[in-house]
Amino acid sequence: MAEKAEKTTGKEIQLVNFRLRDEEFGVDINAVREITRVVDITHIPEAPSFIKGVTNLRGQIIAVIDLASQFGFAPQEECPESARIVVTEVKGQILGILVDEVPEVLKIQEEDIQPTPQKIQTEVTKDYIRGVGKLDGRLIVLLDLERVLAPHELKDVARMSEVATKD
């Protein structure tokens with residue numbers, strides 16, 4: 001009996017859970033600086049399609065990534081009222097990630113995270129999927145934010161933030 005209890009008391013991971021359309025995703029809470037309401041996002045002409053624009057976050061201009069566009073999801077006509085910007089730092093670059101909703105911070109046992117199935121480990125995933133978490137009958141795709149953007153895309157993000165700061 002005690003042996004079984006040891007198996008279920010493994011390492012617990014805290015995740016920021018968010019939605020894009022009808023899908024649930026999670027990122028390690030340590031990768032998130034803050035979560036903020038969507039305020040004015042200024043479009044930057046000739047920006048790559050995955051960059052929604054820039055916003056002023058307490059005096060700092062940051063690029064906002066449209067994660068749904070990056071993942072190939074259908075565009076929405078209007079941002080839902082529940083939309084949020086998840087502010088993170090990726091390889092030294094502070095950026096915002098536009099998501100449809102951040103319903104909760106949750107805890108998941110490490111043993112409840114399965115590796116990415118072989119069938120979807122293709123070039124399309126860019127290795128940004130850490131695994132799939134099972135929690136209360138739900139499947140949550142766990143993302144590695146360090147790998148969501150390719151190095152050249154991160155340079156585009158930095159360039160957009162610089163362009164907006166100069167204006």
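Analyst: The largest cavity has a volume of about 50 Å³, where a cavity is a set of points on a 1 Å grid over the protein atoms alone at which a 1.4 Å probe fits but cannot get out. Volume is the space filled by probe spheres set on the points, joined across faces, edges and corners. This is a predicted model, with local features needing pLDDT of at least 70 and side-chain atom pairs pLDDT 80 or more, while totals for chains, interfaces and linings use all residues. Residues are numbered from 1 along each chain, and side-chain values use heavy atoms, without hydrogens or water.

The structure holds 1 cavity of 30 Å³ or more. Ile65, Leu67, Val90, Leu95, Ile97, Leu145, Val148 and Leu149 line the largest cavity, each with an atom within 4 Å of a point. That lining divides into 8 nonpolar residues, no polar and no charged (Val, Leu and Ile count as nonpolar). Strand E7 (93-99) and helix H3 (145-148) each supply at least two of the lining residues; strands are DSSP runs of at least two residues, helices of at least four.

Aromatic rings come next. Ring pairs, with centres within 6.5 Å, link Phe18, Phe25, Phe71, Phe73 and Tyr128 into a cluster. By this rule there are 5 aromatic pairs. Phenylalanine 18 and phenylalanine 25 are stacked (planes under 30 degrees apart), because their ring centres lie 5.7 Å apart and their planes meet at 20 degrees. Phenylalanine 18 is buried at 2% relative accessible area, buried meaning under 20% with a 1.4 Å probe; phenylalanine 25, at 7%, is buried too.

How values were computed: Phe/Tyr/Trp six-rings, centres within 6.5 Å; stacked < 30°, edge-to-face > 60°. Buried < 20%, exposed > 50% of the residue type's maximum accessible area, 1.4 Å probe, protein only. 1 Å grid on protein atoms, 1.4 Å probe; cavity = no way out; pocket = protein on both sides within 12 Å on 5 of 7 lines; lining within 4 Å.
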